[in-house]
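User: I am new to this structure and would like to learn how to read it. Please take me through its features one at a time.

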Amino acid sequence: FEPTEEETQYFPADDLEIEIRKRKDKTLACIKFIGNLFIRRLLAVKVIGQVVHDFIGIREMLPEEHMIACICELLQMVGQYLDSTMHGKLLMSQFSARLMELKRCS
């Protein structure tokens, strides 16, 4: 979500801050949309797993705080549905473990 060097050079700080806020809001809206699609059984469990991995999976750098907040929002939405299957329970335990690991690292 951070501005590129080009953006930093060409745009005033206030405009950059607004643009970053818009990006974060759009990302959160997409996450909520994905959650709603899953709840309506239009997305598979595998898709939720991939989204979580893309946002907070193990990497060299820690994920941004906003990425973690998006995943927390997603898991609040879909958690009870994931817990209703064995595969979903396994994923939820992995997600919880990763979030706890991130909590310890920060």
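Predicted model: local features only at pLDDT ≥ 70, side-chain atom pairs only at ≥ 80, totals over all residues.

User: How many helices and strands does the chain have?

Analyst: Both are DSSP runs numbered from the N terminus: helices are H or I over at least four residues, strands are E over at least two. Here there are five helices and zero strands. Read from the N terminus, the order of elements is α-α-α-α-α. The C-alpha trace spans about 50 × 30 × 15 Å along its principal axes.

User: Which residues of α2 are buried, and what do they pack against?

Analyst: A residue is buried under 20% relative accessible area, exposed over 50% and partly exposed in between, using a 1.4 Å probe and protein chains only. In α2 the buried residues are L16, I20, T27, I31, I34, G35, L37 and F38. They pack against α1 (5-10), α3 (45-56) and α4 (65-82). Just after α2, R41 has a positive phi of about 60°. Over the chain, 33% of the 106 residues are buried.

User: What share of the contacts in the chain joins residues 24 or more positions apart?

Analyst: A contact means heavy atoms within 4.5 Å. Among contacts with a separation of 6 or more, residues 24 or more positions apart account for 55%.

User: How many salt bridges does the structure hold?

Analyst: The criterion is a side-chain nitrogen of Lys or Arg within 4 Å of a carboxyl oxygen of Asp or Glu. The structure holds three. One of them joins R23 and E19, at 3.7 Å from N to O. Another pairs D25 with R21, where the closest N and O atoms are 3.8 Å apart. E101 and R98 also form one, with a closest N and O separation of 3.0 Å.

User: Why can the side chains of R23 and E19 meet?

Analyst: An α-helix has 3.6 residues a turn, so residues three or four places apart point the same way. R23 and E19 are four residues apart in α2, which means about one helical turn separates them. D25 and R21 are likewise four residues apart in α2, about one helical turn. E101 and R98 are three residues apart in helix α5 (residues 86-105), again about one helical turn.

User: Is R98 buried or partly exposed, and what about E101?

Analyst: R98 counts as buried, at 11% relative accessibility. E101 is partly exposed at 30%.

User: How far apart are the mean positions of the positive and negative charges of the chain?

Analyst: Lys and Arg count as positive, Asp and Glu as negative, and His and the chain ends are not counted. Each charge is placed at NZ of Lys, CZ of Arg, CG of Asp or CD of Glu. The mean positions of the 14 positive and 16 negative charges are 12 Å apart.

Definitions and conventions. Residues numbered from 1 in each chain as written. Heavy atoms only, no water.
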